[in-house]
Structures are given as structure tokens and as C-alpha cells.
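Biologist: I am new to this structure and would like to learn how to read it feature by feature. Could you give me the general idea each time, and then the case at hand?

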Amino acid sequence: MAPMIPELFAQPLRGVLERLPEHAAMTIEEIRVRENRPLEIGYAGRHAFVRPDGSLTADVRAAYVPGREECRALLEKLTRHSLYAVEEELRRGYITVEGGHRVGLAGRAVLERGAVARLKDISGFNVRIARAHGGCAAAVLPGLLDFRERTIRHTLIVSPPQQGKTTLLRDLVRCISAGEWSHAAAAGWGGRKVGVVDERSEIGACEAGVPTFDLGPRTDILDACPKAEGIMMMIRSMSPEVIAVDEIGRQEDADALAEALHAGVRVLATAHAADLEDVFSRPVLSGMAERGMFGAYVLLSRTGGQVEHRVIASEQAAREFKSRPKPAIRSPDGFAPERPVP
Amino acid sequence: MIRLAGALLILLAGTMIGYLQAARFAARPRQIRQLIHALQRLETEIQYGQTPLPEALSRLAGVVPEPVAGLFSRAAGQLDRRDGPSVREAWDQALAGGWSRTAMKAAEREALARLGASLGGSGRDDQLKHVRLAMLQLQAEEAAAREEQQRYEKMSRSLGVLGAALVVVVLL
């Protein structure tokens, strides 16, 4: 059996996935299970349907179709037989399982006072396989160093979904914590105290509070804690030198990060955005970017199975962005941009 | 001489049967009470701990004595298996496997089986309702069981002795 398939699936779905061809099983990124619809996997940047014998196909009609019983069993396994214990996760639409794999859920939303209270009749699952890529930070980290302060600059990692933001963040945390700076001038710095606020339990994949991924020897982790609150708790109680958070985007996250900045803590964050232009046009992110909160940006992009990254210092980013003429209409569907261009 | 020994044996056996029967009458309300305690604990685990079911059930097994604990630990063990069954199947298997070791009757089993069918399958508030319903049913059964105990516990003891004596008299 391929080592990457999590033990979530019940027979016969499990049997199908175990027979995946070697190259797909080793590079698998997503397993998409939809009730009474074809089974799909994503691997090495591509997507394919899976036949009942495990081979891959582009033909929808030849694909294996998981049934109601398999989906129900999968949901029970995901929730450890306890829907009542994952109400918060159901409200947000994903569950993180053992090993740090995140499973996105789609079903019917139940509203309470106008807000999504939870999902029911869950029939769509997207199992995103998490893996630790040791060494992916080594190429990025030298570009983020602040030699005067002997630490890292405030950094925002930017990429569209599925490009390895969290993987990079995890490895950066490990390197910073262990003092593996990958730079000759930084050889004697030693590690830094890192505080990780892991709202989605994806960075550390904690089991009972202990991370299952290697996050380095000097890392403290607040598991499943809302970012804004967690950042403040970390600053008050754990005296971190670097704070790492995943997927910022709300105003309260920005406020808490600003607080961290003023407290002299270095910040390492990720955000969903297509590119720098996107960062400068998103409501909350742009506010932070324009105030010059970040000292460096890391842009991830992917071609085929390879992840490429580009480190951009903030001055350069501001220059690059300002010099470009702004399009009147940004979205291809003709809607106005989210924020009027000043 | 042999007759006397036989009569003694019959008396002994009759008394034993009577006492065992009486013990069952006494054990039933006690075990139902333990079950109610366990469900109260389950309520707390669901409401405040939001403990996943396998863990919650093995904790329940820790707070009540055997043989009631066996029901919960059996179900928890089933759920923790890698390609484990659904909650309902695990629960039914646990009841089927461990019920005969308890002194409880069909009505209690019915209440528990109904609880098992809904356990884990809904949100917190709904789960609490199911647990409370099961507790109410068990409380009703407990009252009935106590009444039975008062009425039949002593009687079955004396019936054992007297029945044996009757047999002895007839045979002599």
C-alpha cells in the first residue's frame, strides 16, 4: 500500500485507492470523494478519475463511483464517530485528521440566525494529503534574514491554494527553531523561540497537544486556537521571538499581527492570493502591505509537480506594484474590484 | 445414611438456587443505577469535553464496576479498530456480547439499543436529548426493578429452601 493514503477509507473504496499506480500514489495531493459521482484524485499537479481497478483515466464513465454507505463510513471515521465533537469544524467546512491531512467538506448548510451553523447531508469530501517536505525552506530562508537583528524579517507567504504554503511555513518554522539558517553569515545565530498559532491544526497536526510534524526544538504550539486571540496569548505568555500563523485575512488577524510587530516579535504568515497585485488589492492584506508591515514576500507558483518561489523585499514589492497601471476592472467576469482603487 | 446425605444435598442445592435468584433481583436495580451514572458521565463528556465517542466510552468503563463497564469497554474497543464498524454495529455487538453477564432485562436493553442507534450521529444538543431520554427510561425501569426486588428477593430465598424441603419430604 502506498504510504500516503490515510487510513480513513472503508472498503471497497480503500481497496480501489490501494491499487493506485505507484507514481500517482507517491505524489498524491488530493482524493476527492463525492457521493454517487466519480472518484477523482489530484497528483503531481494533475487530476484524473480512478477506475475500480485503481488505474487512472480521463473518462468519467469508466470511473469508480463511491456510494452512500462508503461516504457515511468516511464521515464517521473523519469525525471519530462523534459529530457532536466537531461542530466547530463542520461550521468552518473542514476537518483536520491525524497526520495533518485536511478534509474539506461539502453538503447542505444549516443556518442559524443567518450564519452557517453547520453542514449536514455531507456528500463531498476533499482529502488533502499533507506531507513534510524537508528542505523546502532552505532555498527561501536566506532571502528572509535580517542581518542587523540576527533574525528573520516580517514575512508573508503568498500563493493560490494548493501550492504548498503550509508545507513551506512548516519547514521554515522548523529551520528557524533549529537554527538551520542555510546562510554562512548566520551560522552562529542559533535557533529562535517560535510560537505557532495553529488555528486549523494543519501546521503541526497536533495529537493531544503534541505536534506530529517536526517543528523544531524551540517551538511552542497553540493548537486549534483562533489566530487573533492566539497571537495575543502567545505574546503574553510564551515570549516568542517569531510568531507563525497560517492564512491570515480577517481584520482582527491584522490587528493582532500589528500588535506582535510592536511587541518586537517577528511575524511569519501565509495568505491566499494569486500574486502581489492581489495582495495589494485585498481589503485587509492591502492595508497591512501599504503600511509596510511586511519586510519580505514569498510568492509560490507551480508548474507541473515543481513548486517555484520568489522572495521579494517589501520596498521592491511596493515599487513593482505602484509602477504598474491599475486595471479599471480586475475580474474577468466584469464585476467591480472588491475595493475601489484610490 | 445415604438417604440423609441425599436429602442434605437437595436442601443445599435448593437453598443455593433460591439465593442466586434473590441475588439477581438485588443486582438488577443496582446495575441500572450504575448505567444511569455512566450515562450522566457521558452527558458531561458530550457537553463539556466534546470527547470523541471511543474515548468517552472507555472513560465510562472506568467509572462503573463490572459487568456494566464491560458493555462500554467492548463498544469502545470495537470503535477503535482500524476498519471498525459503525457506532450502531459496535454498540449492538457490545450489547450482544456482554448483556448476558448482567442481571438486567429486555426493557433496559431496548433503551440502550435505541440510544446506540443515534449516538455520535448528530450535534451536541440532539445527542444530549437522546442520552436524557435513555436515562429517563432507565429510571423508570429502576423503580420497577426496586419494587420487584422488595417483593421477590426474600420470597425467592425462602422458596428455595421450602421447595427443597418439599422435595425431601416427598422423596423420604
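Predicted model: local features only at pLDDT ≥ 70, side-chain atom pairs only at ≥ 80, totals over all residues.

Biologist: Let me begin with the overall make-up: how many helices and strands does chain A have, and how many does chain B have?

Modeller: Chain A has 10 helices and 18 strands, whereas chain B has six helices and zero strands, so that its pattern, read along the sequence, is α-α-α-α-α-α. Of the 342 residues of chain A, 40% count as buried, while in chain B buried residues make up 30% of 172. If we take the contacts in chain A with a separation of 6 or more, 61% of them are accounted for by residues 24 or more positions apart; in chain B, among contacts between residues at least 6 apart in sequence, 72% join residues at least 24 apart.

Biologist: How many residues of each chain are in contact with the other chain?

Modeller: On the side of chain A there are 13 residues, and they are in contact with 17 residues of chain B. The chain A residues that touch chain B divide into five nonpolar, three polar and five charged.

Biologist: Next I would like to read a sheet: what is the order of the strands in the open sheet of seven strands in chain A?

Modeller: In general, the strands of a sheet pair through backbone hydrogen bonds, either parallel or antiparallel. Here the order in chain A is E4-E3-E2-E1-E7-E6-E5, with antiparallel pairing. Strand E4 (56–57) and strand E5 (94–97) of chain A are the edge strands, each of which pairs on one side only.

Biologist: Which residue is the bridge partner of A:Arg32 in E2(A)?

Modeller: The partner is A:Glu40, and the two strands concerned, E1 (residues 28–34) and E2 (residues 40–43) of chain A, pair in the antiparallel sense over four bridges. E5(A) and E6(A) likewise pair in the antiparallel sense, over four bridges, with A:Val97 standing opposite A:His101 in E6(A). Three residues lie between the strands of this hairpin, in which A:Gly99 takes a positive phi near 95 degrees.

Biologist: Which strands does helix H3 of chain A lie across?

Modeller: Helix H3 (residues 68–78) of chain A lies across E1, E5, strand E6 (101–112) and strand E7 (115–128) of chain A, and it runs at about 105 degrees to E7(A).

Biologist: Which residues of helix H6 of chain A are buried, and what covers them?

Modeller: In helix H6 (residues 227–238) of chain A the buried residues are A:Lys227, A:Ala228, A:Gly230, A:Ile231 and A:Met234. Their cover includes strand E11 (194–198), strand E14 (219–223), strand E15 (242–245) and helix H7 (251–262) of chain A. After H6(A) comes A:Ser239, whose phi is positive, near 40 degrees.

Biologist: Turning to chain B, at what angle do helix H5 and helix H6 pack?

Modeller: Two packed helices are described by the angle between their axes and the distance between the axes. For helix H5 (residues 106–118) and helix H6 (residues 124–171) of chain B the angle is about 180 degrees and the axes are 9 Å apart, and H5(B) and H6(B) are therefore roughly antiparallel to each other. Their contact includes B:Ala107, B:Leu112 and B:Leu115 of H5(B), together with B:Val131, B:Leu138 and B:Glu141 of H6(B). By class, this contact has seven nonpolar, three polar and three charged residues.

Biologist: Why is B:Ala107 called partly exposed?

Modeller: B:Ala107 is partly exposed because 15 other C-beta atoms lie within 10 Å, a count that falls between the limits of 12 or fewer for exposed and 20 or more for buried. The C-alpha atoms of B:Ala107 and B:Glu141 are separated by 7.3 Å, although these residues are 34 apart along the chain.

Biologist: At what angle do the axes of helix H1 and H6(B) cross?

Modeller: The axes of helix H1 (residues 2–49) of chain B and H6(B) cross at roughly 170 degrees and come within 8 Å, which makes H1(B) roughly antiparallel to H6(B). The residues of this contact divide into 29 nonpolar, 11 polar and 10 charged.

Biologist: Finally, which residues have the most contacts inside the largest nonpolar core?

Modeller: In soluble globular proteins, nonpolar side chains tend to be buried together. The largest nonpolar core here has 65 residues, and those with the most contacts inside it are A:Leu74, B:Leu57, B:Leu60, B:Phe72 and B:Ala75. Helix H3 (residues 68–80) of chain B gives the most to this core, with six residues. Apart from this core lies another, of 58 residues, among them A:Ile176, A:Cys206, A:Leu215 and A:Ala269.

Conventions. Residues numbered from 1 in each chain as written. Chains lettered and ligands numbered in written order. Core = buried A, V, L, I, M, F, W, Y, C linked by C-beta atoms within 7 Å. Contact = placed C-beta atoms within 7 Å. Nonpolar A, V, L, I, M, F, W, Y, C, P; charged D, E, K, R; others polar. Pairing = 2+ DSSP bridges. Axes fitted to C-alpha atoms, helices over the stretch in contact; angles between N-to-C directions. Parallel < 35°, antiparallel > 145°, perpendicular 65-115°, else oblique.
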